[in-house]
Amino acid sequence: MNKFSWLDWAGLAWFLTCWFGYEQVVERGWSRRKTLHEATNALRLNWGRVMLTRNPRIVDVALIANLLTSISFYANTSIYIIAALFAALGALDQLMTMTSELPFSRGMSREATELKLLILLGVFVVAYFKFTWALRQFNILSITLGAVPQEGDQEELERHARKFAAVNTCAGNDFNRGLRAYYFGMAVMSWMVSPWLFIVSTVVIVIVLARREFSSPVLNALSQ
């Protein structure tokens with residue numbers, strides 16, 4: 001680990017703070033501003049209540065199937081990226097030669113390059129686990145949909161609607177975490193060029209994500 005400079009360590013600490021801190025701000029309610037996350041969760045509860053009025057619930061089955069297809073695509077893509085990163089570890093000399101020719105690049109030892117690739121690999125492994133866990137939760141959502149009774153008192157039906165929305169929210173949260181891992185993985189890729197670029201890229205990614213979460217046109221549309 002002594003192959004990293006103090007700037008590399010500072011960039012890595014900043015990266016981890018931004019990645020996990022962003023999740024706390026958005027998902028744990030640290031921000032008092034209305035977020036896309038909250039607006040989407042409210043719609044999931046509305047979906048659960050409207051779902052109770054449909055019989056048969058073919059529309060709801062089709063919506064869940066569409067979500068499963070999207071998540072399966074990202075999970076499969078994560079496997080390909082992980083395989084490509086393992087291949088890059090086997091072609092480390094060519095990678096170091098290529099990055100050394102880029103503008104603003106700094107000379108790195110072989111050990112430092114390996115560590116950066118392993119950290120990048122770890123980011124996409126996290127993404128893969130998030131996507132596959134979201135996939136399983138959406139399968140549980142299908143079971144939850146099938147367990148909703150055709151008839152019942154209002155209190156029981158409301159309980160099923162809230163259960164449906166809660167499972168939907170858990171699955172959606174893990175899907176969003178997988179997507180964020182992709183975004184922050186782009187920042188780790190810039191670390192191959194320069195730790196300064198790594199820090200700047202992390203800041204840019206946080207700004208882009210925050211703008212989409214707190215002031216995007218889709219949030220404005222949902223708030224109307």
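These legends describe close-up views of a predicted model.

View 1. The chain holds eight helices and zero strands. Buried residues make up 42% of its 224 residues. Among contacts with a separation of 6 or more, 80% join residues 24 or more positions apart.

**View 2. Helix H1 packs on helix H5.** H1 covers residues 6-27 and H5 covers residues 110-146. Their axes lie 13 Å apart, at an angle of about 5°. Angles under 35 degrees count as roughly parallel, so H1 is roughly parallel to H5. H1 brings Asp8, Leu12, Phe15 and Trp19 to the contact. H5 brings Lys116, Ile119, Val123 and Val126. Six of the contact residues are nonpolar, two are charged and none is polar.

**View 3. Helix H2 spans residues 36-51.** Its 16 residues should span 22 Å at 1.5 Å a residue, and the end C-alpha atoms are 22 Å apart, so the two values agree. The buried residues of H2 are His37, Ala39, Asn41, Arg44, Leu45, Trp47, Gly48 and Met51. Their cover includes H1, H5 and helix H3 (58-90). It also includes helix H6 (154-190), helix H7 (195-214) and helix H8 (217-223).

**View 4. Helix H3 has buried residues covered by other helices.** At 1.5 Å a residue, the 33 residues of H3 should span 48 Å; the end C-alpha atoms are 49 Å apart, which agrees. Buried in H3 are Asp60, Ile64, Leu68, Ile71, Ala75, Ser78, Ile82 and Leu85. H2, H5 and H6 are among the elements that cover them.

**View 5. Isoleucine 64 and its contacts.** Ile64 is one of the buried residues of H3. Leaving aside neighbours within four places in sequence, isoleucine 64 is in contact with Trp47, Phe138, Leu141, Ser142, Leu145 and Phe164. Trp47 is itself a buried residue of H2.

**View 6. The largest nonpolar core has 46 residues.** Phe15, Met51, Ile64, Phe131, Phe164, Phe184 and Val188 touch the most other members. H1, H2, H3, H5, H6 and H7 each give two or more residues to this core. H5 supplies the largest share, 12 residues. In soluble globular proteins, nonpolar side chains tend to be buried together. Met51 is among the buried residues of H2.

Key:
Residues are numbered from 1 along each chain as its sequence is written. This is a predicted model: local features need pLDDT of at least 70, side-chain atom pairs count only at pLDDT 80 or more; totals for chains, interfaces and linings use all residues. Side-chain values use heavy atoms; hydrogens and water are left out. Axes are lines fitted to C-alpha atoms, for helices over the stretch in contact, and angles run from 0 to 180 degrees between N-to-C directions. Helices (H or I, at least four residues) and strands (E, at least two) are DSSP runs, numbered from the N terminus. Angles under 35 degrees count as roughly parallel, over 145 as roughly antiparallel, 65 to 115 as roughly perpendicular and the rest as oblique. Contact means heavy atoms within 4.5 Å. Ala, Val, Leu, Ile, Met, Phe, Trp, Tyr, Cys and Pro count as nonpolar, Asp, Glu, Lys and Arg as charged, and the others, Gly among them, as polar. The expected span of a helix is 1.5 Å times one less than its number of residues. Buried means under 20% relative accessible area, exposed over 50%, partly exposed in between (1.4 Å probe, protein chains only). A nonpolar core is a set of buried Ala, Val, Leu, Ile, Met, Phe, Trp, Tyr and Cys residues joined through side-chain atoms within 4.5 Å.
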